[in-house]
Amino acid sequence: MSLLPLNLIYHSNVKIFYLLQYLLNLQMNSEINKILSISPVDGRYKSVTQPLSEYFSEFALIKYRVYVEIEYFLELATLPIKDMDSISPETKKKIKKIYQDFSENDALRIKEIEKEINHDVKAVEYFIKEEFEKLNLEKFKEFIHFGLTSQDINNTAIPLMIKNSISEIIISMYEELNNKLSALSKKSKNVPMVARTHGQVATPTTFGKEIQVFEERIKIQLKTLKNIPNNGKFGGASGNLNAHYLAFPNINWDDFSDKFLKKIGLIRSKPTTQIEHYDNMASIFHAISRINTILIDFSRDIWHYISINYLVQKIKKGEVGSSAMPHKVNPIDFENAEGNLSYANSQLIFLAEKLPISRLQRDLTDSTVSRNIGVPLAHTLIALSSLNKGLDKIDINKSVIKNDLDNNWAIVAEAIQTVLRREMVPNPYELLKDLTRGNKEVNKKSLSDFIEKLPVSNNVKEELKSISPHNYLGNSLK
């Protein structure tokens, strides 16, 4: 029995009761939000896509805008203009806290301002001015958003959101998947199997080598993705820094803008119109779509290997494979991945083709479109999660793969006719074609009988008889 007074025990229990009730309601509200969401990204798959909300939610966009505005102001404060360089290091720390401590309530305040003025970026400016008043920095308020247009903020905030989300989440997920492919490749490097070209049995390979093909393709495209520059635009209403040079003609504003964007992690595009070119952003989308295309190819191959029983899926107790057929263990992770990768690619290609196009010096179509950049990345994340989960559930069915090799001796016809070419036997291809093409009865014995009748030495005959579907593997074992 607790030694606490009864009244404290009572009050403590009441507090715990209400706390548990609050947490339960919070969880229920979260589940209700999931089933009421229009998009599965924020509904069914929210637990997977949640990390991307830090980069692509409305809150994230507002916070990134505040970050750019504040950092720009602080960069202006390094210049000898209007006492800006008199702002103390301590005050600068307080100014930085506007974005460092940025909260949901701050974002809601900006949304309130936006409702009044009907302009999202201007609302950010007004919010920061309110914060400056709290810091007794009224005299510097007009240097917030000084000389800028909205796209100087959007075309730095959004590229930063993309850069950070890809480097911190998307690439790491690709690499996690590729590490699993590497492990699977090594695990199965000594597992010979019948290859299939055009869906027909073909020259043998190893399961490990075929997985390594995908691993290497992804590795090459990841390297390309990592090397694409992240560009931003910073040049005023028409891209010429007109207002900056008018106000302070003795300052090299181009040099200032170059250094500022470099400082926050971007390369400044120049010359520009009012908006960023989006060309390198399009390259990023294309690079991701190429990796996704490789993974669609991989998903379909794994699906096929499961369908012919080369791979078996681990069974999780309690799961149901079919609402009607109790025996089913469906390859749902790879089907889910294929669907989400295909959808992601349709959006990535759209973004890559649409964003670089803008009428004259700027139209507004990029604004609403760019708000959807997180959607294909979210579907990519869902797919990667499914693939990682699916790979953890598969095992190699070596006995089925071996039986398939044993039942397809015709696949060594290429090897035999190649040796006969070496020995200068006339028409070896045609000899093997007549023996094997369309002949389901080809086996070790029938090939051995065929070899015995060939016009070659006994040593060559022994060489030919030593070839089998299990050892005719070229360099695949390496």
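Lys129 is buried, with a relative accessible area of 11%. Its side chain meets that of Glu142 in a salt bridge, 3.1 Å from N to O. The two partners sit in distant parts of the chain, 13 residues apart: Lys129 in helix H7 (residues 120–134), Glu142 in the loop between H7 and H8. Glu142 is exposed, at 53% relative accessible area. The model is predicted.

**Salt bridges**

- A search of the whole structure finds 38 salt bridges.
- Side chains of opposite charge can pair when their charged atoms come close.
- Glu71 counts as buried because its relative accessible area is 6%, under the 20% limit.
- Lys96 is partly exposed, at 28% relative accessibility.
- Asp333 forms a salt bridge with Lys389, and their closest N and O atoms are 3.9 Å apart.
- That pair also links distant parts of the chain: Asp333 lies in helix H13 (residues 332–354), Lys389 in helix H15 (residues 374–391), 56 residues apart.
- Asp333 counts as buried, at 5% relative accessibility.
- Lys389 is partly exposed, with a relative accessible area of 47%.
- Salt bridges with shared partners join Glu58, Arg65, Lys111, Glu114, Asp120 and Arg371 into one network.

**Helix H4**

- Helix H4 covers residues 58–76 and has 19 residues.
- From first C-alpha to last, H4 reaches 27 Å, close to the 27 Å expected at 1.5 Å a residue.
- Of the 19 residues of H4, 15 are buried, so the helix is largely enclosed by the rest of the structure.

- Helix H8 spans residues 150–187 and has 38 residues.
- H8 reaches 54 Å from its first C-alpha to its last, close to the 56 Å expected at 1.5 Å a residue.
- At Ile166, H8 bends by about 45°.
- H8 is largely enclosed by the rest of the structure, because 27 of its 38 residues are buried.
- Ser188 is in the loop between H8 and strand S1 (192–197).
- Ser188 counts as buried, at 0% relative accessibility.
- Neighbours within four places in sequence aside, Ser188 is in contact with Phe207, Gly208 and Ile396.

- Helix H1 runs over residues 6–36 and includes Leu36.
- Leu36 counts as exposed because its relative accessibility is 64%, over the 50% limit.
- Together with Ile32 and Ile35, Leu36 forms a nonpolar patch on the surface.
- The accessible area of these three residues together is about 340 Å².
- Pro40 is in the loop between H1 and helix H2 (46–49).
- At 35% relative accessibility, Pro40 is partly exposed.
- Pro40 touches Tyr45 and Lys46, leaving aside its neighbours within four places in sequence.
- Pro40 and His379 are 339 residues apart along the chain, yet their C-alpha atoms are separated by 9.3 Å.

**Lys461 in helix H20**

- Lys461 lies in helix H20 (residues 458–465).
- Lys461 is buried, with a relative accessible area of 10%.
- Not counting residues up to four places away in sequence, Lys461 touches Ile451, Glu452, Leu454 and Val456.
- Lys461 and Ala243 are 218 residues apart in sequence, and their C-alpha atoms are 87 Å apart in space.

Definitions and conventions. Residues numbered from 1 in each chain as written. Predicted model: local features only at pLDDT ≥ 70, side-chain atom pairs only at ≥ 80, totals over all residues. Heavy atoms only, no water. Patch = residues over 30% accessible without salt bridge, like charges linked within 9 Å, V, L, I, M, F, W, Y side chains within 5 Å. Areas by Shrake-Rupley, 256 points an atom, 1.4 Å probe, with all protein chains shown as cover. Salt bridge = Lys/Arg side-chain N within 4 Å of Asp/Glu carboxyl O. Helix = DSSP H or I, 4+ residues; strand = E, 2+ residues; numbered from the N terminus. Buried < 20%, exposed > 50% of the residue type's maximum accessible area, 1.4 Å probe, protein only. Expected span 1.5 Å × (residues − 1). Contact = heavy atoms within 4.5 Å. Bend = angle between axes of the 7 residues up to and from the residue.
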